[in-house]
Each structure stands twice: as C-alpha cells, then as structure tokens.
Amino acid sequence: MEKTVYKDQVFRVWVDHVRRIVSFHEEEGCQMMEFRSREMFFRCVDQYTGSQYRYQ
C-alpha cells in the first residue's frame, strides 16, 4: 500500500473559542493553530467536533 508523504506541508486552522468556530481560512479574532503532522491535525479537528464546534 502506498503512503502519502506530507513533507514540509503545514496544516492550519483558526479557532474562535468564544463563538466555538473552527475556520480553515484566516479569520479575524481567531487563534491560528499550525500542524506539521497530518495525523495531529485530524486529531485536533476530531476534538473540536466532539466539543460541538462549527466549521467554516
């Protein structure tokens, strides 16, 4: 099975904890989170999903 390599790729989300929003693009008033690992990025997204954050 072939494995995709994400070398030097950065995954970013912007999080607003007050409005409970996760954005996949830069958003004013949101905290940027950066991931160098695809797995860590998806773990973070799963945690926000479990906490009922909205996505945009």
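Colleague: Phe 41, buried or exposed?

Modeller: Phe 41 is buried, at 9% relative accessibility. Buried means under 20% relative accessible area and exposed means over 50%, with partly exposed in between (1.4 Å probe, protein chains only).

Colleague: What sort of model is this?

Modeller: It is a predicted model, where local features need pLDDT of at least 70 and side-chain atom pairs count only at pLDDT 80 or more, while totals for chains, interfaces and linings use all residues. Numbering starts from 1 along each chain as its sequence is written, and side-chain values use heavy atoms, leaving out hydrogens and water.

Colleague: Back to the rings. How do Phe 41 and Phe 42 sit?

Modeller: Their ring centres are 5.2 Å apart and the planes are at 70°, so this pair is edge-to-face. The rule takes rings of Phe, Tyr and Trp (its six-membered ring) with centres within 6.5 Å; planes under 30 degrees apart are stacked, over 60 edge-to-face, and the rest tilted. Phe 42 is partly exposed, at 38% relative accessibility.

Colleague: How many aromatic pairs are there?

Modeller: Six by that rule. Ring pairs also tie Phe 41 and Phe 42 into a cluster with Phe 11, Phe 24, Phe 35 and Tyr 55.

Colleague: And which residues make up the largest nonpolar core?

Modeller: Ten residues: Phe 11, Val 13, Val 15, Val 22, Phe 35, Phe 41, Cys 44, Val 45, Tyr 48 and Tyr 53. H1 gives the most, with four. A nonpolar core here is a set of buried Ala, Val, Leu, Ile, Met, Phe, Trp, Tyr and Cys residues joined through side-chain atoms within 4.5 Å.

Colleague: What's the order of the elements?

Modeller: From the N terminus it reads β-β-β-α-β, with one helix and four strands in the protein chain. These are DSSP runs numbered from the N terminus: helices are H or I with at least four residues, strands E with at least two.

Colleague: Which strands does S1 pair with?

Modeller: S1 runs antiparallel to S3 (residues 31-35) with five bridges, and antiparallel to S2 with three. Strands count as paired if DSSP finds at least two bridges between them. Trp 14 has Met 32 as its bridge partner in S3 and Ser 23 as its partner in S2. Five of the six residues of S1 are buried.

Colleague: What about the turn between S1 and S2?

Modeller: That hairpin has four residues between the strands, and Arg 20 takes a positive phi near 55°.

Colleague: Ser 23, then. What does the side chain of Ser 23 reach?

Modeller: The backbone oxygen of His 25, at 2.9 Å. Ser 23 lies in S2 (residues 21-23) and is buried, with a relative accessible area of 0%. Leaving out residues up to four places away in sequence, Ser 23 touches Val 13, Trp 14 and Gln 56; contact means heavy atoms within 4.5 Å.

Colleague: Last one: what share of the protein chain is buried?

Modeller: Buried residues are 27% of the 56 residues. Of the contacts with a separation of 6 or more, 46% come from residues 24 or more positions apart.

Terms used: A polar contact is a pair of N or O atoms within 3.5 Å; within protein, one must be able to donate a hydrogen and the other to accept it, and residues adjacent in sequence count only if both atoms are side-chain atoms.
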